[in-house]
Amino acid sequence: MKIDVTQHLTLGAKRTLKAFRIAMFEALSEKEFDKITVNDICKKSEYPRATFYNYFDDKYDLLQYFWSYIGKDILSKIPDDSDEEEGIISIFNLLLDFFSSHQDLVKNVIKNNGVDSNLWRSMSGYLRQEANILVYNYCSINKQITVPVKLLARFYSDLIIAVLEWSLFEQPDINVKTADKYLASLLNGDFK
């Protein structure tokens with residue numbers, strides 16, 4: 001990204017970034033990412049290409065910003081006072097809730113190669129990275145852990161994404177309570 005979104009942004013910059021996020025979301029809900037062009041995004045956002053290139057290098061750069069914005073929004077809702085398992089299940093539930101409330105995006109991912117699509121690999125890669133950081137923070141507090149915390153965080157974040165993919169693409173009619181139960185069983189090694 002050509003601007004630092006961690007710094008103070010003007011109202012105009014915030015408005016422009018929001019327009020591009022919304023345009024990307026609408027485009028992703030309509031067609032395969034590989035077929036979306038910068039022109040499509042500019043048309044939907046009602047901003048010229050020059051403005052787009054003032055903010056982003058290309059559509060992949062915008063996609064990364066899009067995922068980071070959504071991911072930070074979702075993951076900021078996790079309660080600080082939850083224990084490891086509650087925190088992991090909270091991360092999963094927030095992700096599941098996001099996708100449940102954005103069915104057009106899920107349908108587009110399914111229509112365009114599901115978990116094998118570039119779109120899903122981009123999204124799940126970003127979410128896995130963010131979940132890894134959050135889980136690492138939860139696990140690093142627990143002094144009784146004998147496994148390296150980085151390895152444990154990677155395992156848990158991979159598990160969250162695996163159960164999310166399974167819930168969205170293989171068992172889309174599963175209810176959240178059942179999915180949570182499966183996730184808790186996997187977390188605890190209870191396969192009965």
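User: In this predicted model, at roughly what angle do the axes of α1 and helix α4 cross?

Analyst: Helix α4 covers residues 59–75, and its axis comes within 10 Å of the axis of α1. Angles of 65 to 115 degrees count as roughly perpendicular. The two helices fall in that class, α1 being roughly perpendicular to α4. Their axes cross at roughly 100°.

User: How many residues of the contact of α1 with α4 are nonpolar, polar and charged?

Analyst: On the side of α1, the contact involves Leu17, Phe20, Arg21, Met24, Phe25 and Leu28. These meet Lys59, Leu62, Leu63, Tyr65, Phe66, Trp67 and Tyr69 in α4. The division is 11 nonpolar, no polar and 2 charged.

User: Which side chain of opposite charge is nearest to arginine 21, and how far away is it?

Analyst: Arginine 21 belongs to helix α1, residues 11–30. Leaving aside residues up to four places away in sequence, arginine 21 touches Tyr65, Phe66 and Tyr69. A salt bridge would need a side-chain nitrogen within 4 Å of a carboxyl oxygen, and buried arginine 21 has none. The nearest side chain of opposite charge is that of aspartate 73, at 8.9 Å.

User: Is glutamate 46 buried or exposed, and what is its relative accessible area?

Analyst: Glutamate 46 sits in the loop between α2 (38–45) and α3 (49–55). Its phi is near 65°, a positive value in a residue other than glycine. Most residues other than glycine have a negative phi. An area over 50% counts as exposed, so glutamate 46 is exposed, with a relative accessible area of 71%.

User: What distance separates the C-alpha atoms of serine 117 and aspartate 34?

Analyst: Serine 117 is found in the loop between α6 (103–111) and α7 (118–141), and it counts as buried at 7% relative accessibility. Beyond residues up to four places away in sequence, serine 117 touches Val109 and Asn112. Serine 117 and aspartate 34 are 83 residues apart along the chain, and their C-alpha atoms are separated by 9.5 Å.

User: Which residues does isoleucine 88 touch, not counting residues up to four places away in sequence?

Analyst: Isoleucine 88 is part of helix α5, residues 84–100. Buried means under 20% relative accessible area, and isoleucine 88 therefore counts as buried at 2%. With residues up to four places away in sequence set aside, the residues touched by isoleucine 88 are Val135, Tyr156, Ile160, Leu183 and Leu187.

Technical notes: Residues are numbered from 1 along each chain as its sequence is written. This is a predicted model: local features need pLDDT of at least 70, side-chain atom pairs count only at pLDDT 80 or more; totals for chains, interfaces and linings use all residues. Side-chain values use heavy atoms; hydrogens and water are left out. Helices (H or I, at least four residues) and strands (E, at least two) are DSSP runs, numbered from the N terminus. Buried means under 20% relative accessible area, exposed over 50%, partly exposed in between (1.4 Å probe, protein chains only). Lys and Arg count as positive and Asp and Glu as negative; His and the chain ends are not counted. Contact means heavy atoms within 4.5 Å. Axes are lines fitted to C-alpha atoms, for helices over the stretch in contact, and angles run from 0 to 180 degrees between N-to-C directions. Angles under 35 degrees count as roughly parallel, over 145 as roughly antiparallel, 65 to 115 as roughly perpendicular and the rest as oblique. Ala, Val, Leu, Ile, Met, Phe, Trp, Tyr, Cys and Pro count as nonpolar, Asp, Glu, Lys and Arg as charged, and the others, Gly among them, as polar.
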